[in-house]
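Subject: Structure for your review

Dear colleague,

Please find the structure below, followed by a short account of what was found in it. I would be grateful if you read the two side by side.

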Amino acid sequence: MEPFRYEKVQGIPVTVISDWLKESPTLTAGMSAGQHYGLHREQDDPRAVVPNRDRLARALGFSLDAWTSATQVHGKNVVRVTRAERGAGNRKRETAIPAADGLVTDERDILLTAFYADCVPLLFWDSDRGAVGVAHAGWRGTVLGIAREMVERMKREFGTDPGSVRVAIGPSIGSCCYEVDDRVVDALKEQIPDLDDDIVHPKDNGRFMLDLKRANADILRQAGVENSRMSVTNFCTSCEEWLFFSHRRDGEKAGRMVAWIGIRKDES
């Protein structure tokens with residue numbers, strides 16, 4: 001069953017992890033959708049970005065001051081967000097947390113965010129410790145093992161048990177649309193030595209169709225995450241043109257979706 005449910009929150013098109021939200025009245029976790037709701041300064045209309053972020057944050061039960069993001073560099077650096085970093089990057093890119101593709105926190109009223117247009121969103125929830133995290137996993141971040149780094153960082157920072165943490169692998173490009181060369185496959189073998197056809201599909205032209213979602217799921221299993229604690233979307237951002245931006249499909253003109261996770265101060 002598809003874990004990400006499409007809906008509109010106060011008129012804003014989103015996909016949310018419905019099972020998680022049913023369990024916790026203060027948790028919010030999901031990803032924006034829609035071709036006309038710009039949230040990223042570089043690709044979207046800059047006049048609309050901050051007002052759109054403010055509207056989405058308020059719809060999720062946060063203020064814009066809680067919206068926290070990083071400058072993504074396709075790496076594996078993970079940063080713990082405290083009250084001091086709360087609100088980084090919410091209005092200006094220059095104030096974002098520098099050079100990080102993963103954010104974690106155990107504090108309430110912080111909305112962790114990251115941006116995507118085919119790369120894999122990874123959302124983490126440790127309900128025992130009250131900790132959450134978001135990671136941006138393109139092929140470079142995947143082969144560097146950012147999924148594993150997120151689990152290890154949450155374990156170090158919060159005492160998270162890898163066997164009990166929940167992970168949602170969100171809307172991203174699917175193996176139906178993501179063709180790569182042997183350079184990517186060879187790099188991925190360093191993380192997953194026993195690559196199988198479920199992750200990499202050879203083509204007659206010497207290239208490969210890559211399933212980044214399955215690759216990250218395999219890395220997470222190696223890090224100790226249980227299969228039963230992982231939720232993997234069926235959405236492909238390149239196929240679902242009506243619903244998602246896609247860099248592979250639209251090129252440099254593609255906008256960006258935002259994935260978010262946070263715990264509100266209270267049920268209100």
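A residue counts as buried when its relative accessible area is under 20%. The model is predicted, and Trp-20, with a relative accessibility of 4%, therefore counts as buried. Trp-125 is likewise buried, at 6% relative accessibility.

Across the whole structure, a search finds three aromatic pairs. One of them joins Trp-20 and Trp-125: the ring centres are 5.6 Å apart and the planes lie at 50°, so the pair is tilted. Because Trp-20 belongs to helix H1 (residues 18-23) and Trp-125 to strand E8 (residues 120-126), this pair ties together parts that are 105 residues apart in sequence. Another aromatic pair, between Phe-235 and Phe-244, is edge-to-face, with 5.5 Å from centre to centre and 70° between the planes. Phe-235 and Phe-244 are both buried.

Seven of its seven residues are buried, so E8 is largely enclosed by the rest of the structure. Val-120, Leu-122, Phe-124 and Asp-126 point one way from E8, while Pro-121, Leu-123 and Trp-125 point the other way.

E8 pairs in the antiparallel sense with strand E9 (residues 131-137), over seven bridges. Within this pairing, Phe-124 is opposite Gly-133 of E9. The two strands, E8 and E9, form a hairpin with four residues between them, and Gly-130 in the turn has a positive phi of about 65°. E8 also pairs in the antiparallel sense with strand E10 (residues 166-169), over four bridges. There, Ile-169 in E10 is the bridge partner of Leu-122.

Yours sincerely

Methods
Residues are numbered from 1 along each chain as its sequence is written. This is a predicted model: local features need pLDDT of at least 70, side-chain atom pairs count only at pLDDT 80 or more; totals for chains, interfaces and linings use all residues. Side-chain values use heavy atoms; hydrogens and water are left out. Rings of Phe, Tyr and Trp (its six-membered ring) pair if their centres lie within 6.5 Å; planes under 30 degrees apart count as stacked, over 60 as edge-to-face and the rest as tilted. Buried means under 20% relative accessible area, exposed over 50%, partly exposed in between (1.4 Å probe, protein chains only). Two strands pair if DSSP finds at least two bridges between them.
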